[in-house]
Amino acid sequence: MYARIMAGIDDQFATSKVFATALALARQFDAKLALCHALDQTPLAQHGARVALPDGVAPVVASLRATAREFLDKAVATAREAGIDAEIRVIDSEHDNTVDLLARAAEDWQADLLIVGLSDSRGVGRIFSEGVGVKLAVKAPTSLLLVRHD
């Protein structure tokens, strides 16, 4: 049913239901798994951020990428120990937000399932801000599984 599963994870992957779900489904369907982290650089790309950071944004972006690769490498090792064929994807842009980055990554990798977390916004917060998962429901180029966080 699913041959290529992509999961959007962060540095809390070890306790993440998204990661556990991705591993379980990849195992169940004997699917290839891409563990993906999106770095939304749009706040850093603003002129004010460039002026406020004495060395510019490049060192900050490099640090964010290195941190992402570090936890993604650990996540891939965990997946491989479980017998799952896994790879990492760090995606970033100064112009695109996390939703656009994940949607494009899923399309480029030809994922047939994208798994992401669903934030639990309630009340007024939900009116003013939809989470990545909700926005991906409209933009994702493939099947989407939203996993509610505890």
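I started at Asp-30, which is exposed with a relative accessible area of 69%; exposed means over 50%, buried under 20%, partly exposed in between, with a 1.4 Å probe and protein chains only. Asp-30 sits in the loop between α1 (17–29) and β2; helices (H or I, at least four residues) and strands (E, at least two) are DSSP runs numbered from the N terminus. I looked up its backbone too: Asp-30 has a positive phi of about 50 degrees, although it is not a glycine.

A note on the source: this is a predicted model, where local features need pLDDT of at least 70 and side-chain atom pairs count only at pLDDT 80 or more, while totals for chains, interfaces and linings use all residues. Residues are numbered from 1 along each chain as its sequence is written, and side-chain values use heavy atoms, leaving out hydrogens and water.

Next, Gln-110, in the loop between α5 (98–109) and β4 (113–118). Gln-110 isn't a glycine, yet has a positive phi of about 60 degrees. I find Gln-110 exposed, at 59% relative accessible area.

Then His-37, in strand β2 (residues 32–40). His-37 is buried, at 15% relative accessible area. Its side chain reaches the backbone oxygen of Ile-9 at 2.8 Å. Leaving out residues up to four places away in sequence, I listed what His-37 touches, including Asp-10, Phe-71 and Arg-89; contact means heavy atoms within 4.5 Å.

Last, confidence: pLDDT, the predictor's confidence in each residue from 0 to 100, averages 83 over the chain, and 77% of the residues score at least 70. Over residues 123–129 pLDDT stays under 50, and the model has two contacts there beyond four places in sequence.

Notes:
A polar contact is a pair of N or O atoms within 3.5 Å; within protein, one must be able to donate a hydrogen and the other to accept it, and residues adjacent in sequence count only if both atoms are side-chain atoms.
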